[in-house]
Amino acid sequence: LDITEDDMTFDMSGLDVSIANALRRLLLSEVPTVAIEKVFITNNNGVLRDELLAHRLGLIPIKVDPCSFNFPSAATKAATYESELDPT
């Protein structure tokens, strides 16, 4: 086990692969991420289609300070999800 301010390294010897993968997915899901979500292209004369260009822009990793954002709580996410499902 090795812990620094930005990293943590540990060994999972003897664990079932499914448990190790579940732990990996859990850790990745809790890391806040920032990505380009909406792209408006007005004039594209290049070889790449607009959709492919927008997709590739969304794959660019953006480094930001997570403290500068107000992430929505679980209750806010649930309310937003319910309002998106309500057709009225």
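**A walk through the chain**

Let's begin with a pair of side chains: Arg-49 and Glu-51 meet in a salt bridge, 3.9 Å from N to O. The term covers a side-chain nitrogen of Lys or Arg within 4 Å of a carboxyl oxygen of Asp or Glu, and by this rule the count comes to 1. Both Arg-49 and Glu-51 are exposed, where exposed means over 50% relative accessible area, buried under 20%, and partly exposed in between (1.4 Å probe, protein chains only).

A word on the model: it is predicted, local features need pLDDT of at least 70, side-chain atom pairs count only at pLDDT 80 or more, and totals for chains, interfaces and linings use all residues. Residues are numbered from 1 along each chain as its sequence is written, and side-chain values use heavy atoms, leaving out hydrogens and water.

Now the overall picture. The protein chain has 3 helices and 2 strands (DSSP runs, H or I of at least four residues for helices and E of at least two for strands, numbered from the N terminus), and along the sequence they run β-β-α-α-α. Of its 88 residues, 1% are buried. The chain exposes about 8,400 Å², with carbon and sulfur atoms supplying 58% of it; accessible areas come from the Shrake-Rupley method with a 1.4 Å probe, and for residues only the protein chains shown count as cover.

On the surface there is a nonpolar patch of about 960 Å² accessible area together, with Leu-1, Ile-3 and Phe-10 among its residues. Patch residues have over 30% relative accessible area and no salt bridge; nonpolar side chains (Val, Leu, Ile, Met, Phe, Trp, Tyr) are joined within 5 Å, like charges within 9 Å. Helix 1 (residues 17–29) gives the largest share, 4 residues. Leu-1 sits in the segment before strand 1 (2–3), and Leu-1 counts as exposed because its relative accessibility is 80%.

Next, the pockets. The largest pocket holds about 190 Å³ of space and is lined by Asp-6, Asp-7, Met-8, Phe-10, Leu-27, Val-31 and Pro-32. A pocket is an open set of points on a 1 Å grid over the protein atoms alone, where a 1.4 Å probe fits, with protein on both sides within 12 Å along at least five of seven lines; lining residues have an atom within 4 Å of a point. The second largest pocket has about 160 Å³, and its lining includes Pro-32, Phe-69 and Phe-71.

Notes
Grid points are joined across faces, edges and corners, and a volume is the space filled by probe spheres set on the points.
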